[in-house]
Amino acid sequence: MSQGSANSRNSKVKCSCGRAAMVRTVKNGANPGTKFYGCPMWPNTSCKMFVPVDDKKVVDELQMKLLESYTTIGELEMIQKFNEDGIKDLEKKKKDLLQKVQTLKTELWEQKLEAMRANQKHLSIALFVALILVVVFYNVN
């Protein structure tokens, strides 16, 4: 049997001992560099699993994963754009609301000043009437 080393690719292929097979590479012999599925317990097992890797199938699977990744990236970019547009709308609404609050504060202060002036006018009239009453009362006695 050819010697091999574990490769980082995982497979769905099951070994005859029931474990998930590993993709290994032939190191020496007639076909060095050939990828094959082998027992993950090798060389500490009597299992002799050797199934050549179908490169076309592996490439197809990798292309499918790449396509899925691009699709996910596209979807996330669309979500990001949607969120950015939402943030811009909320910032505009916030600016408009802050402007309305400032306008209402200004109007409130103007009304308070007007009320104070009216109260001051009424107070002045009340003091004047009180003064007249005091003078009249003082002159009557």
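The side chains of threonine 25 and lysine 35 are joined by a polar contact of 2.9 Å. A polar contact is a pair of N or O atoms within 3.5 Å; within protein, one must be able to donate a hydrogen and the other to accept it, and residues adjacent in sequence count only if both atoms are side-chain atoms. This is a predicted model, where local features need pLDDT of at least 70 and side-chain atom pairs count only at pLDDT 80 or more, while totals for chains, interfaces and linings use all residues. Residues are numbered from 1 along each chain as its sequence is written, and side-chain values use heavy atoms, with hydrogens and water left out.

Threonine 25 belongs to strand S2. Its relative accessibility is 13%, so threonine 25 counts as buried. Buried means under 20% relative accessible area, exposed over 50%, and partly exposed in between (1.4 Å probe, protein chains only). Strand S2 is mostly covered, with 5 of its 7 residues buried.

Arginine 24 is also placed in S2. Arginine 24 has a relative accessible area of 5%, so it is buried. A polar atom of its side chain lies 2.9 Å from the backbone oxygen of cysteine 39.

Now follow the strands. Helices (H or I, at least four residues) and strands (E, at least two) are DSSP runs, numbered from the N terminus. Two strands pair if DSSP finds at least two bridges between them. S2 (residues 20-26) pairs with S3 (residues 35-38) in the antiparallel sense, over 4 bridges. Arginine 24 has phenylalanine 36 in S3 as its bridge partner. S3 in turn pairs with S4 (residues 51-52), again in the antiparallel sense, over 2 bridges. Here the bridge partner of tyrosine 37 is valine 51 in S4. In a regular strand the side chains alternate between the two faces of the sheet.

Next comes the helix. H1 spans residues 55-140, and methionine 116 lies in it. Is methionine 116 buried or exposed? Methionine 116 has a relative accessible area of 55%, so it is exposed.

Step back to the whole chain. The protein has 1 helix and 4 strands. Along the sequence the pattern is β-β-β-β-α. The radius of gyration is 44 Å, well over the 14 Å that the globule rule gives for 141 residues, so the protein is more spread out than a compact globule. That radius is taken over C-alpha atoms, and the globule rule is 2.2 Å times the number of residues to the power 0.38. The C-alpha atoms fill a box of roughly 140 × 30 × 20 Å, taken along the principal axes. Of the 141 residues, 11% are buried.
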